[in-house]
Structures are given as C-alpha cells and as structure tokens.
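Labels in a structure description rest on cut-offs. The turns below ask for the reason behind each label.

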Amino acid sequence: MKKIFTISLLTMALFTVANADNKFANLTEDYLTTKASLNVRTTLAKDPQTATNVLKVLANDSNDMVREYAKNNLK
C-alpha cells in the first residue's frame, strides 16, 4: 500500500512539473484586464509557473508592480 501511494505521488509530481508552463493558461485577456482584482493579478504575475500568454498580458498591466513581476517571470 505504501509503495502504491509513493508511486502515485511521484507520478502526480512529474505530471505537475511537465505541465507547469500551462498554469492559468485558460485565463482570458478580458478577465485579466477588466475583472481580475489587483491581488489576483499580482499573485499570477509572481508565480513562475504562470503560462507565458498570461504573463504577456500582465506585462502590460496598469499596475507597476504587476508589470514588473510579469516581466521578471518572462525572462
């Protein structure tokens, strides 16, 4: 039982790492620019696993800090 649990955890971890760049990829530009709060946008911009297309939108955000975090994660 312990071996099966360990294998399951390792498989999930591998899957998560393999799909890391797709995190939040389904968020639309409309949502990010008109509906998402500053707190949400800041959190997304700080997360190094946020999808590139989301970071590109946030790199043009109205808030200086959000833009800075997003641009740093795009590098």
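Q: Why is Lys 23 called partly exposed?
A: Buried means under 20% relative accessible area, exposed means over 50%, and partly exposed is in between, with a 1.4 Å probe and protein chains only. Lys 23 has a relative accessible area of 32%, so the partly exposed class applies.

Q: What kind of model do these values come from?
A: The model is predicted: local features need pLDDT of at least 70, side-chain atom pairs count only at pLDDT 80 or more, and totals for chains, interfaces and linings use all residues. Residues are numbered from 1 along each chain as its sequence is written, and side-chain values use heavy atoms, leaving out hydrogens and water.

Q: Where is confidence lowest and where is it highest?
A: pLDDT is the predictor's confidence in each residue, from 0 to 100. The mean is lowest in α1, at 63, and highest in α5, at 96. Over the protein the average is 83, and 79% of the residues score at least 70. Where pLDDT is low, predicted coordinates should not be read in detail.

Q: How many helices and strands does the protein have?
A: It has 5 helices and 0 strands, which gives the pattern α-α-α-α-α along the sequence. Both are DSSP runs numbered from the N terminus: helices are H or I with at least four residues, strands are E with at least two.

Q: Where does Lys 23 lie, and which residues does Lys 23 touch?
A: Lys 23 is in the loop between α1 (2-18) and α2 (29-35). Apart from residues up to four places away in sequence, Lys 23 touches Asp 47, Gln 49, Thr 50 and Ala 51; contact means heavy atoms within 4.5 Å.

Q: Why is Thr 42 called buried?
A: Thr 42 has a relative accessible area of 17%, so Thr 42 falls in the buried class. Thr 42 is in helix α3 and, leaving aside neighbours within four places in sequence, is in contact with Val 66 and Tyr 69.

Q: What puts the buried residues of α3 on the same side?
A: The buried residues of α3 are Arg 41, Thr 42, Leu 44 and Ala 45. They cover an arc of only 165 degrees around the axis, so they lie on the same side of α3; the arc is that of the directions from the helix axis to the C-beta atoms. On the other side of α3, Asn 39 and Thr 43 are exposed. The buried residues pack against α2, α4 and α5.

Q: Why is Leu 38 called partly exposed?
A: Leu 38 counts as partly exposed because its relative accessibility is 41%. Leu 38 is also in helix α3, and touches Asn 63 and Val 66, not counting residues up to four places away in sequence.

Q: Which residues make up the largest nonpolar core?
A: This core has 11 residues: Leu 32, Leu 44, Ala 45, Ala 51, Val 54, Leu 55, Val 57, Leu 58, Ala 59, Val 66 and Ala 70. The helices α3 (38-46), α4 and α5 each supply at least two residues of the core, and α4 gives the most, with 4 residues. A nonpolar core is a set of buried Ala, Val, Leu, Ile, Met, Phe, Trp, Tyr and Cys residues joined through side-chain atoms within 4.5 Å.

Q: How do you know that Arg 41 forms a salt bridge with Asp 61?
A: A salt bridge is a side-chain nitrogen of Lys or Arg within 4 Å of a carboxyl oxygen of Asp or Glu. The closest N and O atoms of Arg 41 and Asp 61 are 2.6 Å apart, so the pair qualifies. The pair links distant parts of the chain, 20 residues apart: Arg 41 is in helix α3, and Asp 61 is in the loop between α4 and α5.

Q: Why is Asp 61 called buried?
A: Asp 61 is called buried because its relative accessible area is 9%. Both Arg 41 and Asp 61 are buried.

Q: What makes Asp 64 and Arg 67 about one helical turn apart?
A: They are 3 residues apart in helix α5, so about one helical turn separates them. Asp 64 is exposed because its relative accessible area is 52%, whereas Arg 67, at 24%, is partly exposed.
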